[in-house]
Amino acid sequence: MTQFMKIMKTFGLAVLMWYAVTNPASAQMNDIKTVFIIVMENHDWAQIKNSLSAPYINQTLLPMASYAEQYYNPPRIHPSLPNYLWLEAGTNFGIGNDSDPKINHQGTTAHFVTQLRDAGVSWKTYQEGITGTACPLASSSQYAPKHNPFIYFDDVTNANDPNSAFCIAHVRPYGEFAPDLKSDAVARFVFITPDLCDDMHDSCSPLEDPIRQGDTWLSNEIPKILGSAAYQSGGAIFIVWDEAENGDGPIGMIAISPFAKGGGYSSTTHYTHGSTLRTLEEIFGVLPLRDAASQTDLSGLFKQAGATGATVAGVTNGASFSSDVAPGALASVFGTNLALATASAASLPLPAFMGGI
Amino acid sequence: MSPGQINFQMPYETSPGPASVVITTSGSPSPGFSFTVSPSAPGVFLSGSHAIAQNQDGTLNDAGHPIAPAGTLVVYLTGQGPLDNAVATGAAAPSQPLSRATQPYSATIGGQIAPIQFLGLTPGYVGLAQANITVPNLSRGDYPLVITVGGVAGKAADVSVGAPGSGSAAGN
């Protein structure tokens with residue numbers, strides 16, 4: 001069989017993917033209908049890119065994604081909480097610690113998810129490690145409030161009320177995410193916080209490697225999003241790190257979307273969390289808040305209108321290159337502009353999407 | 001995949017009949033390309049005009065490594081059609097249980113019937129099938145192998161046959 005694989009590679013047939021027919025859509029960031037943002041923890045981009053501990057990010061996600069090479073946390077903003085607040089409100093409100101909402105709660109309504117509420121746009125955050133029976137205002141096991149910015153706003157929690165119905169309705173256990181995806185019941189803005197083992201924050205058994213733990217988690221979870229109707233009908237996934245381990249960055253920002261340039265496109269434009277907030281606000285048609293108003297949006301990671309599309313010239317049997325193809329068979333599409341770059345599937349099952357295709 | 005070619009697995013969910021493929025690149029869809037999906041479409045993997053096949057001793061069948069008559073040749077193909085044990089699109093075939101082709105199948109080498117002992121998915125691979133074929137009694141030389149599944153004959157692929165009791169069939 002080893003000999004066979006060598007032959008397969010010779011013929012380029014180790015490069016396999018199954019195809020998905022997607023709906024025609026405009027190639028602009030503003031056409032995104034559903035946003036999934038996943039926040040990872042405490043690593044410089046240099047620690048992630050090309051890391052042997054991050055095979056899924058480097059071998060699967062980046063070849064299909066657009067990503068930033070010069071994305072920073074706001075200058076000297078640390079530790080975690082102020083960065084999460086910045087993503088939500090364009091400021092840290094002067095906070096420089098990770099204390100719980102009972103200390104750091106904010107009375108302002110000028111923050112993103114309230115903008116969404118006022119605009120009639122649905123939102124929900126899925127937090128790994130919470131029960132969903134109360135508004136999770138305090139730490140429990142691997143769940144950390146400091147990684148859940150929404151519960152720091154009084155209009156979300158009814159001023160730190162653990163029984164706040166609004167909070168409980170919008171802050172849900174991560175275990176509900178996959179069923180919601182499957183039933184196409186996800187909100188238009190979805191904020192995902194893995195737990196402290198899965199977001200690269202802590203070193204946890206059995207891997208004892210925070211980067212590998214997060215990479216493994218992403219490898220298990222991202223395919224669920226990619227396969228969802230919400231993603232395929234105009235979704236975008238942003239994977240961003242909250243803060244650098246050394247200084248302010250660069251830290252990672254990866255964008256995956258049918259509207260992204262994809263194909264491993266990388267940008268050297270200077271971005272910050274204000275850029276992400278501005279981007280989210282532009283996507284959902286609300287005004288940029290505070291720092292977001294003065295930052296560059298992430299549109300450079302997305303395809304501009306008028307780009308040349310693919311042309312299919314033929315479909316053949318992947319073995320004999322005859323015109324006979326059957327369900328389940330390996331097949332080949334020939335044409336022009338079919339992909340932005342050469343890429344191959346790195347794992348099984350084969351991905352439904354690769355390199356922006 | 002590359003700008004000029006994408007290799008993929010046709011979803012098992014695709015119904016036989018007229019179909020259209022659209023390639024969406026970073027949000028821009030191509031015009032649809034129409035083609036026909038058959039219930040089965042056996043295609044043997046080729047190196048030039050030669051089948052990619054393993055002799056009984058594991059060597060790759062070619063003129064320098066022919067298989068003797070009565071030996072078992074493992075020929076790799078795709079498009080075997082429906083299976084007795086379904087496999088999810090994109091997933092590797094399991095070894096337990098094996099997934100065998102359910103449509104009638106046959107093979108000829110040099111026009112002579114070549115009994116197929118097994119036709120089904122190769123465990124551990126996606127969309128890859130194998131046919132374990134008994135080589136008929138032929139004199140030394142290269143012969144066209146044709147595999148037919150569900151009445152659809154695949155494109156002929158050459159296999160090399162050696163002298164009886166010699167070469168890669170030794171020990172059969």
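Q: What percentage of the 357 residues of chain A count as buried?
A: The model is a predicted one, and a residue counts as buried here if 20 or more other C-beta atoms lie within 10 Å of its own. Chain A holds 12 helices and 13 strands, and the share of its 357 residues that count as buried is 55%.

Q: How many of the residues of helix α12 of chain A are buried?
A: Helix α12 of chain A spans residues 273-283 and is mostly covered. Its buried residues include A:H273, A:L277, A:L280 and A:I283, and the count for the helix is 10 of its 11 residues.

Q: Which elements of chain A do the buried residues of α12(A) pack against?
A: The packing of α12(A) is judged by contacts, for which the C-beta atoms of two residues must lie within 7 Å. By that criterion, the buried residues of α12(A) pack against β2 (34-40), α4 (80-89), α6 (112-119), β8 (235-241) and β11 (271-272).

Q: Which residues of β7(A) are the bridge partners of A:V35 and A:K124?
A: Strand β7 of chain A, residues 189-193, has five of its five residues buried, with A:F189, A:F191 and A:T193 on one side and A:V190 and A:I192 on the other. Four bridges join β2(A) to β7(A) in parallel, while five bridges join β5(A), residues 123-127, to β7(A), also in parallel. Within β7(A), the partner of A:V35 is A:F189, and the partner of A:K124 is A:V190.

Methods:
Residues numbered from 1 in each chain as written. Chains lettered and ligands numbered in written order. Predicted model: local features only at pLDDT ≥ 70, side-chain atom pairs only at ≥ 80, totals over all residues. Buried ≥ 20, exposed ≤ 12 C-beta atoms within 10 Å, placed from the backbone. Pairing = 2+ DSSP bridges.
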